[in-house]
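Here is a quick walk through some strands, a cavity and a few loop residues. Have a look at the model first, then read on.

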Amino acid sequence: MLRCNSGLVQQDTVHSRSHQPDRAEGRACGTVLDRLVRVIWAALIFGTVAATAARGQTRRETVRTPTLISGLVTDPSGAVVRGARVSLVRQADGTVVSTATSGTYGVYRIDGGTGTYRVNVSAPGFATFQSPPIVIHASRANVQVQVDVMLQIATVLADVEVPEGTAETAVNGRDLVLKGRAVQQLPLDAVALQEVLASLAGSSSAEILVDGFSGGKLPSRNSIREIRINQNPYSADNDTDTATGVIQVLTQPGTNQLHGYAYVYGDHSSLNAANPFAEEQPPYYADGAGGELTGSIGTRTNAYGTIEDLQQRTNSAVDALVLDSGLGLAPALYTVPNPRTSVNAAARLDAKLAENNTLIARYSLEQVKQSNVDVGQLSLLSQGLNESTLTHTLQMSDTVVVNAGLVAETRLQYIRARLEQTPVNTAPTVVVEGAFTGGGNARGELEDHQDRLELQTAFSVAGQKHFLHLGGRLRLTRDASVSRSNFNGQLIFSSLDAYGTTLSGLAAGQSATAIAAAGGGASQYVIAQGDPNATVTLIDGAGFVDDTWRLSRNLKVSYGLRFETQNLTGDQADWAPRVGFSWGLGTAGRQGVPKYVLHGGAGIFYQRFGTDQALQVRRFDGIRVRQEVVESPQLCLSGMGMLEAESCGAAAPFATPSRVAAAGTVYRVGEGYQAPYVVEASAGIERQLNQRTSVRASYLHSRGVHMPYAENANAPLPGTYSVGNPSTGIRPEGSQLNVFEYESEGVWRRRQLTTGVLVRGSRFSVTANYMLQFSNDDTENDGVFPLNRFNKRIDYGRSNSDQRHVLTLNGSLNLPYGISSWTYLRAASGAPLNIVVGQDLNGDTQFNDRPAFATDLTRASVVRTAFGAFDTKPVAGQTLVPRNYGQGPGLLTLNVEMGKQFGFGPRVSSATSGRPGERRYSAELQVLALNALNHPNLAQPVPLVDSPLFGRSVGVISAGSLSPSRCFDMQLMVRF
């Protein structure tokens with residue numbers, strides 16, 4: 001009876017389990033004859049059907065298998081790697097199923113049947129590459145699986161077996177690599193793309209490196225091959241600190257076969273939500289088209305080219321508070337069109353000069369034009385600027401594999417950038433603090449020509465236990481600028497009441513003295529004149545050496561030293577040591593992969609003096625451009641909004657050159673200026689739960705030393721200046737000259753805890769990170785002035801970027817029938833709000849003074865708010881409100897992309913098997929919902945405590961360049 005189930009019936013049982021798991025033929029044998037007969041007949045019939053189905057299934061599987069796995073093998077610079085050995089390894093037992101070699105153009109093809117595999121790639125001078133598990137089901141057979149490979153030089157010793165997806169120095173928990181489909185699912189909109197990448201990097205000021213070069217602009221999405229975020233942060237060749245973040249962008253290389261695509265892009269306001277700050281939402285739209293072509297030129301050169309054109313009819317919403325003809329409060333609510341056009345084009349050549357020498361040349365062009373820039377929120381229509389930028393970028397990279405242990409790289413970049421801006425109105429600017437900004441734009445006309453040259457060289461030397469990486473970089477930036485900023489004059493009123501009182505007094509024919517006594521009059525008048533031309537040249541150099549020492553199979557230590565120098569400042573010799581480690585603990589699985597990985601590091605990172613600050617020093621030297629800041633000026637407004645000096649009895653601002661010298665403004669670099677630097681240390685742990693899931697946690701501590709800021713070195717001594725009386729105040733230098741110095745005595749501290757989880761399956765991938773941070777400083781950048789230059793520590797408090805809680809989620813899902821989805825979620829607590837008054841209370845010409853906590857609620861200067869009662873005219877004994885005391889609104893953004901891909905045309909035969917493969921042509925329709933929840937992400941509230949709009953947001957943060965509300969972007973792409 002048992003033997004009756006060991007033959008055909010058992011075979012049927014196996015078959016039934018694969019197709020009908022709930023059946024159990026083991027009960028077929030019985031002791032009663034009639035049951036036995038019925039079972040035999042049933043078994044015969046079932047066996048016949050099953051055998052027939054099995055033969056059909058075998059024929060179908062024979063046709064379906066093997067599956068073609070192919071891809072492109074490149075080095076870190078994007079150059080193709082020829083002759084790399086490719087192995088297809090079965091995941092279960094480590095058996096090498098098949099091998100291949102990358103061809104002349106770096107392409108490999110290899111066949112594999114149903115199962116789970118890994119692709120291993122090795123080449124002399126490079127680290128061994130191992131792909132994530134590739135699962136091939138019978139239903140996926142006869143399809144092509146693409147696995148592109150980028151071999152690493154700098155991590156040649158990275159074959160320490162750490163969990164899959166773990167970066168060698170992923171010490172901050174924010175490392176990420178996006179390539180292939182993950183890149184194509186990112187937003188096509190340039191603003192949305194930048195926002196997504198910056199948030200994934202953990203900083204809005206993250207540095208962007210394009211093909212290893214600094215100073216470049218983010219390429220268009222379709223020309224990007226791979227994006228690496230916060231990789232190898234403690235390598236000595238990295239000049240950006242971990243807290244700031246680094247986004248490395250690698251562009252598309254050429255291929256040996258003719259391929260390409262064309263796409264159209266569109267968006268229309270009829271599909272989108274309206275701006276909540278627009279009373280009437282006028283139509284807006286975006287449309288564009290582009291394409292790509294790649295192929296070979298001869299037998300040793302591959303070429304790639306792309307172009308795209310995007311037209312956007314956008315609108316900005318104004319939500320300000322003005323005075324009507326009767327001098328009563330009136331809201332200014334309207335929208336202004338600010339159309340934007342952009343053209344991006346790029347071409348790249350990958351040439352094999354010799355068997356061990358590859359040259360890459362890339363040229364890109366970007367042209368952007370936009371009208372009515374600066375209009376929106378409190379800035380009225382007259383503040384519009386028309387801007388045009390044109391950027392040419394030429395990059396060349398030469399890689400020579402000298403031998404199996406030595407690789408030499410030389411890179412050269414030239415960027416030529418041109419910027420023009422023209423105000424639509426050249427009238428004097430009228431600023432009413434906390435209410436509106438009208439008149440002409442104070443930024444004025446600008447024509448800026450910047451030329452940037454960068455040369456890099458690096459050598460990689462691989463030994464048995466050590467991997468040495470050393471090199472240097474030289475950058476030269478020349479910036480020639482013609483700027484007429486403040487040439488139109490700028491009049492500042494402390495409040496809408498002061499502005500209304502002034503207009504009322506003028507209408508009544510009152511004198512300036514009477515207007516001031518009634519609480520009117522302007523607080524400050526700024527005007528510049530002279531030669532607007534200025535040219536600066538900045539040169540900075542760096543050298544580095546970095547060694548990675550493999551102490552054992554699961555333990556590596558890297559250590560290095562970086563040297564930096566720059567002209568213009570007195571500090572010209574900066575040394576930055578770095579150290580990092582990665583240690584795998586415990587083993588799991590047949591391949592002995594560590595269960596845990598400990599990693600950490602520490603280092604010093606310097607910051608360089610920028611061209612904007614250098615131009616200020618050169619332009620405002622007291623000779624080229626003379627800028628005067630007049631406190632409480634006796635100037636009047638005419639009915640046309642033009643500045644005059646008639647009935648109020650004031651002399652013209654530039655009556656004589658001597659007055660300019662006495663009350664002018666100069667910029668200079670302080671004698672004690674030192675290069676700012678950040679000291680960072682971090683440690684983390686990662687745990688591989690299974691083949692698909694890993695979790696991580698890390699702690700990062702950053703301390704900024706010699707942080708930059710600007711100050712009025714000739715500000716009046718404390719207690720000697722009387723508000724409204726510009727003749728008062730004892731100044732250190734004995735004159736009325738405003739001396740704006742760039743100094744570096746600020747401090748900055750950040751503590752950051754990051755946790756994350758990564759889940760990857762055959763059809764999906766999810767990365768989620770939560771970050772808790774505490775950031776404090778007493779300055780934000782070298783353009784920020786302290787409240788009191790004689791006591792800078794009273795500004796120490798929360799940083800502007802101190803968003804306490806940040807949650808990000810990035811996931812992709814591949815569904816049947818060619819449908820894919822991508823989701824990006826970001827939720828963050830609000831940034832702090834710095835509460836200020838609308839006056840210069842200490843005579844340093846800056847409107848950054850803060851109120852005090854009210855001690856006498858009967859004073860007329862007391863304002864009651866949701867944050868408490870504040871006194872806008874502090875007196876002795878009162879405590880000033882701390883910097884960034886208030887709290888801004890939080891942020892919630894959800895972007896969702898759905899795509900459908902389908903093939904058409906004849907099938908292309910596999911190069912290795914000769915059997916039919918993919919269709920020659922494919923098309924994909926993508927729909928991207930930006931801010932899918934239509935959550936109004938409010939801008940920072942008005943910080944002026946005595947403004948009627950205090951604490952209220954008058955705008956929203958845009959998820960993309962088209963609209964801040966929910967938008968649906970659609971793209972149709974055809975590939976061949």
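## Around β32

R578 stands opposite G603 in β32. Eight bridges link strand β31 (residues 574-585) to β32, and the two run antiparallel. On to β37 (residues 677-688): this strand pairs with β32 over eleven bridges, again in the antiparallel sense, and I604 has V679 of β37 as its bridge partner. For the names, helices (H or I, at least four residues) and strands (E, at least two) are DSSP runs numbered from the N terminus; two strands pair if DSSP finds at least two bridges between them.

How much of β32 is buried? Eight of the eleven residues in this strand (596-606) are, so β32 is mostly covered. Here buried means under 20% relative accessible area, exposed over 50%, and partly exposed in between (1.4 Å probe, protein chains only).

## What sort of model this is

This is a predicted model: local features need pLDDT of at least 70, side-chain atom pairs count only at pLDDT 80 or more, and totals for chains, interfaces and linings use all residues. Residues are numbered from 1 along each chain as its sequence is written, and side-chain values use heavy atoms, with hydrogens and water left out.

## A four-stranded open sheet

Another piece to pick out is an open sheet of four strands, ordered β10-β12-β13-β11, with mixed pairing. β10 (176-179) and β11 (207-210) sit at the edges with a single partner strand each, so one side of each has no neighbour in the sheet. On average, neighbouring strands here are turned by 15 degrees against each other, direction ignored.

β11 and β13 (residues 246-251) run parallel and are joined by four bridges; within that pair, I208 has I247 of β13 as its bridge partner. Helix α4 (residues 190-201) lies across β10, β11, β12 (224-229) and β13, at about 30 degrees to β12. Axes are lines fitted to C-alpha atoms, for helices over the stretch in contact, and angles run from 0 to 180 degrees between N-to-C directions. Contact means heavy atoms within 4.5 Å.

## The second largest cavity

How many cavities of 30 Å³ or more does a search of the whole structure find? Nine. A cavity is a set of points on a 1 Å grid over the protein atoms alone where a 1.4 Å probe fits but cannot get out, and lining residues have an atom within 4 Å of a point. Grid points are joined across faces, edges and corners, and a volume is the space filled by probe spheres set on the points.

The second largest cavity has a volume of about 240 Å³. Of its 21 lining residues, K217, P219, N344, R362 and S364 are the closest to the centre. β20 gives the largest share of the lining, four residues. By class, the lining has seven nonpolar, ten polar and four charged residues; Ala, Val, Leu, Ile, Met, Phe, Trp, Tyr, Cys and Pro count as nonpolar, Asp, Glu, Lys and Arg as charged, and the others, Gly among them, as polar.

S379 is in the loop between β20 and β21 and is buried, at 18% relative accessible area. Leaving aside residues up to four places away in sequence, S379 touches V318, D374 and T437.

Most residues other than glycine have a negative phi. L568, not a glycine, has a positive phi of about 80 degrees; this residue is in the loop between β30 (555-566) and β31 and is partly exposed, at 42%. T845 also has a positive phi, near 75 degrees. T845 is in the loop between β44 (832-833) and β45 (852-853), and counts as buried at 7% relative accessibility.

Notes
1 Å grid on protein atoms, 1.4 Å probe; cavity = no way out; pocket = protein on both sides within 12 Å on 5 of 7 lines; lining within 4 Å.
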